[in-house]
Amino acid sequence: MFEVKIWGGAGEYGRACFYIESQGVKWLLDCGIIKRGSGVLPELDAEAIRKLDYVFLSHVHEDHSLALPLLYKMGYRGAVYTTEETCAALPHYFSKWLKWLKSQQFPLPYTMADVDCIRYELLSNPMTWTAIGDQMTMCWGRSGHVAGGIWLMFRSADKILFYSGDYSEESETLAFDDPAKMLNETDCVSLGIVDAAYGIQKMSQEEGITNLLNEIDVRTAKGGTILMPVPIQGRGQDLLMILQEHRFKAETMLIVEKHLYDAAVPAPETVYWRKPDYAKRFHAAKEVKTHVVSDEATRCHALRQSGSMAKIIMLPDALLQSQTAQWYCEQLQSASEKVILLTGYQAEERLAHTAQLMKNTGFVMMSTYYKVHQNVNDAERLIHRLRIRQTILFHSEAMAVTAMQLHLAANGYTGADILLP
Ligand SMILES: [Zn+2]
Ligand SMILES: [Zn+2]
(Lines give C-alpha, C1' and ligand atoms only; values in the text may rest on other atoms or scores of the structure.)
(Ligands and ions follow the chains in the order given, each with its own letter.)
Protein backbone atom coordinates (compact mmCIF):
# COMPACT_ATOMS: atom_id res chain seq x y z
CA MET A 1 0.00 0.00 0.00
CA PHE A 2 1.07 3.54 -0.67
CA GLU A 3 0.18 6.21 1.82
CA VAL A 4 -0.08 9.62 0.15
CA LYS A 5 -0.20 13.07 1.67
CA ILE A 6 -0.82 15.93 -0.66
CA TRP A 7 1.29 18.89 0.35
CA GLY A 8 0.28 20.74 -2.79
CA GLY A 9 -0.60 20.42 -6.47
CA ALA A 10 -3.96 18.57 -6.46
CA GLY A 11 -7.19 20.56 -6.57
CA GLU A 12 -5.09 23.58 -7.51
CA TYR A 13 -2.71 24.70 -10.23
CA GLY A 14 0.93 24.67 -9.11
CA ARG A 15 3.07 23.79 -6.03
CA ALA A 16 3.19 20.07 -6.89
CA CYS A 17 4.40 18.25 -3.76
CA PHE A 18 3.40 14.68 -2.90
CA TYR A 19 4.54 12.80 0.21
CA ILE A 20 4.56 9.01 -0.19
CA GLU A 21 5.18 6.25 2.32
CA SER A 22 5.39 2.51 1.70
CA GLN A 23 7.01 -0.30 3.74
CA GLY A 24 8.61 2.26 6.04
CA VAL A 25 10.27 4.11 3.12
CA LYS A 26 9.32 7.78 2.85
CA TRP A 27 9.80 9.96 -0.18
CA LEU A 28 8.68 13.18 -1.79
CA LEU A 29 7.70 13.79 -5.40
CA ASP A 30 8.51 17.39 -6.41
CA CYS A 31 8.41 20.48 -4.22
CA GLY A 32 7.10 23.49 -6.12
CA ILE A 33 5.30 26.77 -5.48
CA ILE A 34 2.35 28.66 -6.90
CA LYS A 35 3.66 31.82 -8.52
CA ARG A 36 1.16 34.19 -7.00
CA GLY A 37 2.16 37.27 -5.01
CA SER A 38 5.21 36.40 -2.94
CA GLY A 39 4.75 32.71 -3.87
CA VAL A 40 2.47 30.13 -2.27
CA LEU A 41 4.56 27.39 -0.68
CA PRO A 42 3.49 23.74 -0.30
CA GLU A 43 2.25 22.64 3.12
CA LEU A 44 5.55 21.31 4.36
CA ASP A 45 5.63 19.19 7.52
CA ALA A 46 8.99 19.74 9.26
CA GLU A 47 8.90 16.52 11.25
CA ALA A 48 8.12 14.40 8.17
CA ILE A 49 10.80 16.23 6.18
CA ARG A 50 13.51 15.28 8.69
CA LYS A 51 12.53 11.61 8.29
CA LEU A 52 12.38 11.59 4.47
CA ASP A 53 14.55 9.03 2.69
CA TYR A 54 14.38 10.42 -0.85
CA VAL A 55 13.21 13.40 -2.86
CA PHE A 56 12.55 13.03 -6.59
CA LEU A 57 12.23 15.97 -8.96
CA SER A 58 10.31 15.45 -12.22
CA HIS A 59 11.44 18.64 -14.00
CA VAL A 60 12.78 22.13 -13.67
CA HIS A 61 9.61 24.27 -13.72
CA GLU A 62 8.86 26.59 -10.77
CA ASP A 63 5.65 24.83 -9.76
CA HIS A 64 7.67 21.64 -9.17
CA SER A 65 11.05 22.85 -7.98
CA LEU A 66 11.16 26.23 -6.27
CA ALA A 67 10.46 25.07 -2.69
CA LEU A 68 13.26 22.44 -2.72
CA PRO A 69 15.77 24.60 -0.75
CA LEU A 70 13.23 24.81 2.08
CA LEU A 71 13.52 21.05 2.61
CA TYR A 72 17.18 21.48 3.51
CA LYS A 73 16.41 24.51 5.63
CA MET A 74 13.95 22.31 7.51
CA GLY A 75 16.39 19.49 8.10
CA TYR A 76 16.33 17.14 5.09
CA ARG A 77 19.78 15.61 4.66
CA GLY A 78 19.22 13.26 1.74
CA ALA A 79 19.60 13.91 -1.98
CA VAL A 80 17.35 15.24 -4.73
CA TYR A 81 17.15 12.64 -7.47
CA THR A 82 16.75 14.16 -10.91
CA THR A 83 18.21 14.25 -14.41
CA GLU A 84 21.42 15.99 -15.39
CA GLU A 85 19.57 18.48 -17.62
CA THR A 86 17.20 19.50 -14.84
CA CYS A 87 20.07 19.80 -12.39
CA ALA A 88 21.97 22.06 -14.81
CA ALA A 89 19.01 24.38 -15.43
CA LEU A 90 17.83 24.71 -11.81
CA PRO A 91 20.24 27.33 -10.34
CA HIS A 92 18.98 29.88 -12.86
CA TYR A 93 15.37 29.27 -11.75
CA PHE A 94 16.22 29.75 -8.05
CA SER A 95 18.23 32.92 -8.58
CA LYS A 96 15.67 34.38 -10.98
CA TRP A 97 12.88 33.90 -8.44
CA LEU A 98 14.88 35.30 -5.51
CA LYS A 99 15.87 38.29 -7.63
CA TRP A 100 12.26 38.92 -8.54
CA LEU A 101 11.09 38.62 -4.90
CA LYS A 102 13.75 41.14 -3.90
CA SER A 103 12.71 43.55 -6.65
CA GLN A 104 9.14 43.41 -5.32
CA GLN A 105 10.37 43.79 -1.72
CA PHE A 106 8.79 40.48 -0.75
CA PRO A 107 10.37 38.48 2.10
CA LEU A 108 12.71 35.71 0.90
CA PRO A 109 11.78 32.17 2.01
CA TYR A 110 15.41 31.11 1.57
CA THR A 111 18.75 32.37 0.28
CA MET A 112 21.21 31.17 -2.35
CA ALA A 113 23.17 29.65 0.58
CA ASP A 114 20.19 27.31 1.18
CA VAL A 115 20.12 26.58 -2.55
CA ASP A 116 23.77 25.54 -2.32
CA CYS A 117 22.85 22.97 0.36
CA ILE A 118 20.92 20.88 -2.18
CA ARG A 119 22.71 17.63 -2.92
CA TYR A 120 21.82 16.06 -6.24
CA GLU A 121 21.94 12.45 -7.34
CA LEU A 122 21.72 12.17 -11.10
CA LEU A 123 19.35 9.58 -12.48
CA SER A 124 20.75 7.34 -15.19
CA ASN A 125 19.50 4.22 -16.99
CA PRO A 126 16.11 5.35 -18.29
CA MET A 127 13.45 2.66 -18.84
CA THR A 128 15.21 0.25 -16.47
CA TRP A 129 13.94 -0.99 -13.11
CA THR A 130 16.67 -0.06 -10.64
CA ALA A 131 16.91 -0.84 -6.92
CA ILE A 132 16.69 2.13 -4.60
CA GLY A 133 17.39 1.06 -1.05
CA ASP A 134 16.54 -2.59 -0.35
CA GLN A 135 12.76 -2.19 -0.23
CA MET A 136 11.98 -0.64 -3.56
CA THR A 137 12.76 -0.43 -7.28
CA MET A 138 12.10 2.53 -9.50
CA CYS A 139 12.27 3.49 -13.16
CA TRP A 140 11.86 6.67 -15.15
CA GLY A 141 11.33 7.81 -18.73
CA ARG A 142 11.03 11.03 -20.74
CA SER A 143 7.72 12.81 -20.17
CA GLY A 144 7.65 14.93 -23.37
CA HIS A 145 7.02 18.17 -21.46
CA VAL A 146 10.44 19.80 -21.31
CA ALA A 147 14.08 18.74 -21.86
CA GLY A 148 15.12 16.87 -18.71
CA GLY A 149 11.49 16.24 -17.71
CA ILE A 150 10.54 12.72 -16.59
CA TRP A 151 7.78 10.48 -15.26
CA LEU A 152 8.61 8.07 -12.43
CA MET A 153 7.41 4.62 -11.42
CA PHE A 154 8.03 2.85 -8.10
CA ARG A 155 7.54 -0.79 -7.16
CA SER A 156 7.23 -1.55 -3.46
CA ALA A 157 5.85 -4.75 -1.91
CA ASP A 158 4.59 -5.78 -5.36
CA LYS A 159 2.52 -2.64 -5.72
CA ILE A 160 3.25 0.00 -8.35
CA LEU A 161 2.96 3.78 -8.08
CA PHE A 162 3.14 5.98 -11.19
CA TYR A 163 3.83 9.72 -11.14
CA SER A 164 3.45 11.36 -14.54
CA GLY A 165 5.11 14.66 -13.62
CA ASP A 166 4.01 17.19 -16.23
CA TYR A 167 3.32 14.97 -19.18
CA SER A 168 2.52 15.16 -22.90
CA GLU A 169 2.65 12.61 -25.66
CA GLU A 170 1.98 15.32 -28.26
CA SER A 171 5.03 17.58 -28.26
CA GLU A 172 6.15 18.76 -31.70
CA THR A 173 9.80 18.41 -30.78
CA LEU A 174 10.29 16.43 -27.56
CA ALA A 175 10.64 12.66 -27.33
CA PHE A 176 8.71 10.65 -24.77
CA ASP A 177 8.90 7.10 -23.40
CA ASP A 178 5.80 5.00 -22.96
CA PRO A 179 5.56 4.01 -19.27
CA ALA A 180 3.36 1.03 -20.26
CA LYS A 181 6.50 -0.64 -21.60
CA MET A 182 7.71 -1.01 -18.00
CA LEU A 183 4.74 -3.14 -16.96
CA ASN A 184 4.31 -6.89 -17.34
CA GLU A 185 1.07 -8.18 -18.81
CA THR A 186 -0.25 -9.01 -15.36
CA ASP A 187 0.88 -5.74 -13.70
CA CYS A 188 -1.47 -2.98 -12.83
CA VAL A 189 -0.67 0.37 -11.25
CA SER A 190 -2.19 0.65 -7.76
CA LEU A 191 -1.90 4.40 -7.59
CA GLY A 192 -1.38 6.94 -10.36
CA ILE A 193 -0.72 10.64 -9.85
CA VAL A 194 -1.59 11.88 -13.31
CA ASP A 195 -1.20 15.27 -15.01
CA ALA A 196 -4.63 16.59 -16.04
CA ALA A 197 -3.86 20.30 -16.22
CA TYR A 198 -6.21 20.99 -19.15
CA GLY A 199 -9.25 19.49 -17.46
CA ILE A 200 -12.21 18.96 -19.74
CA GLN A 201 -10.80 21.26 -22.43
CA LYS A 202 -10.64 18.52 -25.05
CA MET A 203 -8.85 20.22 -27.93
CA SER A 204 -6.23 18.05 -29.63
CA GLN A 205 -2.76 19.39 -30.35
CA GLU A 206 -3.53 19.44 -34.06
CA GLU A 207 -6.65 21.59 -33.60
CA GLY A 208 -4.75 23.88 -31.25
CA ILE A 209 -1.94 24.46 -33.75
CA THR A 210 -4.42 25.01 -36.60
CA ASN A 211 -6.25 27.65 -34.54
CA LEU A 212 -3.00 29.30 -33.53
CA LEU A 213 -1.71 29.55 -37.10
CA ASN A 214 -5.09 30.77 -38.38
CA GLU A 215 -5.08 33.58 -35.83
CA ILE A 216 -1.51 34.46 -36.76
CA ASP A 217 -2.32 34.44 -40.49
CA VAL A 218 -5.28 36.78 -39.99
CA ARG A 219 -3.15 39.25 -37.98
CA THR A 220 -0.02 39.11 -40.12
CA ALA A 221 -2.05 39.52 -43.33
CA LYS A 222 -3.01 42.96 -41.98
CA GLY A 223 0.61 43.81 -41.20
CA GLY A 224 -0.01 43.32 -37.50
CA THR A 225 2.41 42.99 -34.60
CA ILE A 226 2.16 39.93 -32.36
CA LEU A 227 3.85 39.81 -28.99
CA MET A 228 4.22 36.20 -27.84
CA PRO A 229 5.29 35.59 -24.25
CA VAL A 230 6.56 32.00 -23.88
CA PRO A 231 8.55 29.99 -21.35
CA ILE A 232 12.12 29.42 -22.48
CA GLN A 233 11.95 25.65 -21.89
CA GLY A 234 9.43 23.34 -23.52
CA ARG A 235 6.54 25.25 -25.09
CA GLY A 236 8.70 28.21 -26.21
CA GLN A 237 10.95 25.98 -28.29
CA ASP A 238 8.08 24.02 -29.81
CA LEU A 239 6.37 27.24 -30.89
CA LEU A 240 9.59 28.60 -32.36
CA MET A 241 9.88 25.48 -34.52
CA ILE A 242 6.22 25.72 -35.60
CA LEU A 243 6.59 29.38 -36.57
CA GLN A 244 9.89 28.85 -38.35
CA GLU A 245 8.31 26.09 -40.42
CA HIS A 246 5.09 28.00 -41.13
CA ARG A 247 4.61 29.45 -44.60
CA PHE A 248 3.25 32.88 -43.77
CA LYS A 249 0.73 34.30 -46.23
CA ALA A 250 2.18 37.80 -45.86
CA GLU A 251 5.81 38.78 -45.42
CA THR A 252 6.49 38.40 -41.71
CA MET A 253 9.53 38.91 -39.54
CA LEU A 254 10.09 36.66 -36.56
CA ILE A 255 12.01 38.45 -33.81
CA VAL A 256 13.41 36.08 -31.20
CA GLU A 257 15.39 36.80 -28.03
CA LYS A 258 18.83 35.23 -28.15
CA HIS A 259 18.58 33.00 -25.10
CA LEU A 260 15.29 31.55 -26.34
CA TYR A 261 16.84 30.92 -29.75
CA ASP A 262 20.06 29.51 -28.29
CA ALA A 263 18.11 27.07 -26.12
CA ALA A 264 16.38 25.82 -29.29
CA VAL A 265 19.53 25.34 -31.38
CA PRO A 266 20.26 21.60 -31.65
CA ALA A 267 23.03 20.67 -29.20
CA PRO A 268 24.63 17.43 -28.00
CA GLU A 269 23.30 17.96 -24.42
CA THR A 270 19.68 18.05 -25.55
CA VAL A 271 19.73 15.54 -28.41
CA TYR A 272 18.51 12.72 -26.13
CA TRP A 273 15.42 14.71 -25.12
CA ARG A 274 14.35 15.69 -28.60
CA LYS A 275 12.72 13.76 -31.41
CA PRO A 276 15.22 12.18 -33.81
CA ASP A 277 14.34 14.55 -36.71
CA TYR A 278 14.68 17.72 -34.60
CA ALA A 279 18.09 18.92 -35.87
CA LYS A 280 17.11 18.27 -39.48
CA ARG A 281 13.86 20.19 -39.10
CA PHE A 282 15.52 23.08 -37.28
CA HIS A 283 18.14 23.59 -39.98
CA ALA A 284 15.66 23.16 -42.82
CA ALA A 285 13.31 25.83 -41.47
CA LYS A 286 15.02 28.84 -43.00
CA GLU A 287 12.11 30.19 -44.99
CA VAL A 288 11.10 32.66 -42.34
CA LYS A 289 13.02 35.82 -41.67
CA THR A 290 14.20 35.07 -38.16
CA HIS A 291 16.01 37.90 -36.41
CA VAL A 292 17.82 36.97 -33.24
CA VAL A 293 18.14 39.90 -30.85
CA SER A 294 19.95 40.27 -27.54
CA ASP A 295 20.06 43.94 -26.51
CA GLU A 296 18.48 47.30 -27.22
CA ALA A 297 20.65 47.97 -30.27
CA THR A 298 19.76 44.67 -31.99
CA ARG A 299 16.07 45.01 -31.04
CA CYS A 300 15.99 48.54 -32.50
CA HIS A 301 17.69 47.29 -35.64
CA ALA A 302 15.17 44.46 -36.06
CA LEU A 303 12.20 46.80 -35.60
CA ARG A 304 13.67 49.28 -38.11
CA GLN A 305 14.35 46.53 -40.66
CA SER A 306 10.86 45.13 -40.35
CA GLY A 307 9.35 48.58 -41.06
CA SER A 308 5.66 48.16 -41.79
CA MET A 309 6.04 44.41 -42.31
CA ALA A 310 4.07 42.07 -40.04
CA LYS A 311 6.10 40.89 -37.07
CA ILE A 312 5.99 38.29 -34.35
CA ILE A 313 8.11 39.00 -31.28
CA MET A 314 8.83 35.95 -29.13
CA LEU A 315 9.73 36.88 -25.57
CA PRO A 316 10.91 34.31 -23.02
CA ASP A 317 9.02 36.18 -20.34
CA ALA A 318 5.77 34.37 -19.66
CA LEU A 319 4.45 37.16 -17.40
CA LEU A 320 5.53 40.10 -19.59
CA GLN A 321 7.04 41.72 -16.51
CA SER A 322 10.58 42.21 -17.80
CA GLN A 323 12.10 45.50 -18.89
CA THR A 324 12.35 44.08 -22.39
CA ALA A 325 8.59 43.54 -22.51
CA GLN A 326 8.10 47.09 -21.28
CA TRP A 327 10.54 48.39 -23.86
CA TYR A 328 8.71 46.68 -26.74
CA CYS A 329 5.38 48.06 -25.57
CA GLU A 330 6.84 51.58 -25.61
CA GLN A 331 8.50 51.18 -29.00
CA LEU A 332 5.33 49.80 -30.55
CA GLN A 333 3.12 52.60 -29.22
CA SER A 334 2.10 53.76 -32.68
CA ALA A 335 1.84 50.32 -34.33
CA SER A 336 -1.60 49.18 -35.47
CA GLU A 337 -3.17 45.71 -35.10
CA LYS A 338 -1.20 44.92 -31.96
CA VAL A 339 -1.87 41.61 -30.26
CA ILE A 340 -0.53 39.82 -27.20
CA LEU A 341 -0.89 36.13 -28.06
CA LEU A 342 -1.08 33.81 -25.04
CA THR A 343 -0.64 30.07 -25.46
CA GLY A 344 -0.57 28.64 -21.95
CA TYR A 345 -2.35 28.51 -18.60
CA GLN A 346 -3.63 31.94 -17.54
CA ALA A 347 -3.56 32.47 -13.81
CA GLU A 348 -5.94 35.16 -12.61
CA GLU A 349 -3.11 37.42 -11.55
CA ARG A 350 -1.47 37.09 -14.91
CA LEU A 351 -4.67 37.92 -16.75
CA ALA A 352 -5.05 41.00 -14.56
CA HIS A 353 -1.48 42.03 -15.32
CA THR A 354 -1.96 41.51 -19.06
CA ALA A 355 -5.25 43.41 -18.95
CA GLN A 356 -3.47 46.36 -17.31
CA LEU A 357 -0.75 46.18 -19.92
CA MET A 358 -3.36 46.23 -22.68
CA LYS A 359 -5.04 49.25 -21.16
CA ASN A 360 -1.73 51.11 -21.02
CA THR A 361 -0.40 50.09 -24.41
CA GLY A 362 -3.31 49.47 -26.76
CA PHE A 363 -2.54 45.78 -27.28
CA VAL A 364 -5.43 43.33 -27.70
CA MET A 365 -5.17 40.00 -25.91
CA MET A 366 -5.73 36.69 -27.68
CA SER A 367 -5.55 33.25 -26.17
CA THR A 368 -4.91 29.96 -27.99
CA TYR A 369 -3.64 26.56 -26.87
CA TYR A 370 -0.40 24.78 -27.36
CA LYS A 371 -0.57 21.61 -25.32
CA VAL A 372 2.26 20.68 -22.98
CA HIS A 373 0.02 18.84 -20.50
CA GLN A 374 -2.82 16.35 -20.66
CA ASN A 375 -6.56 16.94 -20.79
CA VAL A 376 -9.11 14.47 -19.46
CA ASN A 377 -9.12 12.42 -22.68
CA ASP A 378 -5.35 12.02 -22.59
CA ALA A 379 -5.43 11.15 -18.88
CA GLU A 380 -8.17 8.59 -19.51
CA ARG A 381 -6.14 6.85 -22.22
CA LEU A 382 -3.13 6.70 -19.93
CA ILE A 383 -5.22 5.36 -17.02
CA HIS A 384 -6.42 2.49 -19.21
CA ARG A 385 -3.02 1.77 -20.75
CA LEU A 386 -1.35 1.56 -17.34
CA ARG A 387 -4.36 -0.13 -15.72
CA ILE A 388 -4.37 2.43 -12.91
CA ARG A 389 -6.69 1.36 -10.09
CA GLN A 390 -6.77 4.62 -8.17
CA THR A 391 -5.95 7.97 -9.74
CA ILE A 392 -5.18 11.39 -8.37
CA LEU A 393 -5.71 13.85 -11.21
CA PHE A 394 -3.33 16.67 -10.38
CA HIS A 395 -2.42 20.11 -11.77
CA SER A 396 -6.06 21.31 -11.93
CA GLU A 397 -8.40 23.34 -9.75
CA ALA A 398 -10.90 21.35 -7.63
CA MET A 399 -13.87 22.29 -9.86
CA ALA A 400 -12.07 21.00 -12.95
CA VAL A 401 -11.21 17.77 -11.14
CA THR A 402 -14.88 17.24 -10.25
CA ALA A 403 -15.84 17.76 -13.90
CA MET A 404 -13.20 15.25 -14.96
CA GLN A 405 -14.40 12.71 -12.38
CA LEU A 406 -17.91 12.97 -13.83
CA HIS A 407 -16.56 12.49 -17.34
CA LEU A 408 -14.54 9.43 -16.30
CA ALA A 409 -17.42 7.96 -14.28
CA ALA A 410 -19.76 8.34 -17.28
CA ASN A 411 -17.25 6.22 -19.21
CA GLY A 412 -17.17 3.62 -16.43
CA TYR A 413 -14.06 4.62 -14.48
CA THR A 414 -14.66 5.40 -10.82
CA GLY A 415 -11.09 5.28 -9.52
CA ALA A 416 -10.42 9.03 -9.73
CA ASP A 417 -10.19 10.61 -6.29
CA ILE A 418 -10.50 14.20 -5.39
CA LEU A 419 -7.88 14.94 -2.78
CA LEU A 420 -6.90 18.38 -1.65
CA PRO A 421 -3.81 19.59 0.23
ZN1 LIG B 1 6.05 21.96 -16.12
ZN1 LIG C 1 3.59 21.90 -13.58
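Analyst: I313 counts as buried because it has 26 C-beta neighbours inside 10 Å, where 20 or more is the cut-off for that class. The model is a predicted one, and the values below are computed from it.

I313 is found in strand β15. Apart from residues within four places of it in sequence, I313 is in contact with L227, M228, I255 and Y328. D187, by contrast, is 126 residues from I313 in sequence and 49 Å from it in space, C-alpha to C-alpha.

Strand β15 (310-315) is also one of the elements against which the buried residues of helix α10 pack; the others are β13 (252-257), β14 (289-293) and α11 (323-331). Helix α10 spans residues 296-306, and its buried residues are A302, L303 and S306. Viewed down the helix axis, the buried residues of α10 fall within an arc of 95°, so they line one face of the helix. A297 and R304 are exposed and sit on the face of α10 turned away from its buried side. After α10 comes G307, with a positive phi near 50°.

The next step out is the division of the chain. The assignment gives domain 1 as 3-201 + 372-417 and domain 2 as 205-367. The C-alpha centres of the two domains are 29 Å apart. Contacts between them involve 18 residues of domain 1 and 17 residues of domain 2. On the side of domain 1 that touches domain 2, the residues comprise nine nonpolar, four polar and five charged.

Elsewhere in the chain there is an open sheet of seven strands with mixed pairing, in the order β7-β8-β9-β10-β11-β18-β19. The edges are β7 (130-132) and β19 (416-417); each has a single partner strand, so one side of each is left without a neighbour in the sheet. Within this sheet, β9 (residues 150-156) pairs with β10 (residues 159-163) in the antiparallel sense over five bridges. One position in that pairing is S156, whose bridge partner in β10 is K159. Helix α13 (residues 376-385) lies across two strands of the sheet, β11 (189-195) and β18 (388-394), and runs at about 160° to β11.

Strand β1 (residues 3-8) pairs with β2 in the antiparallel sense over five bridges, and G8 stands opposite C17 in β2. On to the next strand, β2 pairs with β3 (residues 25-29), again antiparallel and over five bridges; here E21 has K26 in β3 as its bridge partner. β2 and β3 make a hairpin with two residues between them, and Q23 in the turn has a positive phi of about 55°. Strand β2 (residues 17-22) has five of its six residues buried, so it is largely enclosed by the rest of the structure.

To return to the position you asked about: I313 is a buried residue of strand β15, and the buried residues of α10 pack against that strand, among other elements.

Notes: Residues are numbered from 1 along each chain as its sequence is written. Chains are lettered from A and ligands numbered from 1 in the order in which they are written. This is a predicted model: local features need pLDDT of at least 70, side-chain atom pairs count only at pLDDT 80 or more; totals for chains, interfaces and linings use all residues. Two strands pair if DSSP finds at least two bridges between them. Helices (H or I, at least four residues) and strands (E, at least two) are DSSP runs, numbered from the N terminus. Two residues are in contact if their C-beta atoms, placed from the backbone, lie within 7 Å. Axes are lines fitted to C-alpha atoms, for helices over the stretch in contact, and angles run from 0 to 180 degrees between N-to-C directions. A residue is buried if 20 or more other C-beta atoms lie within 10 Å of its own, exposed if 12 or fewer, and partly exposed in between; C-beta atoms are placed from the backbone. The arc is that of the directions from the helix axis to the C-beta atoms. Domain bounds come from an automatic or database domain assignment. Ala, Val, Leu, Ile, Met, Phe, Trp, Tyr, Cys and Pro count as nonpolar, Asp, Glu, Lys and Arg as charged, and the others, Gly among them, as polar.
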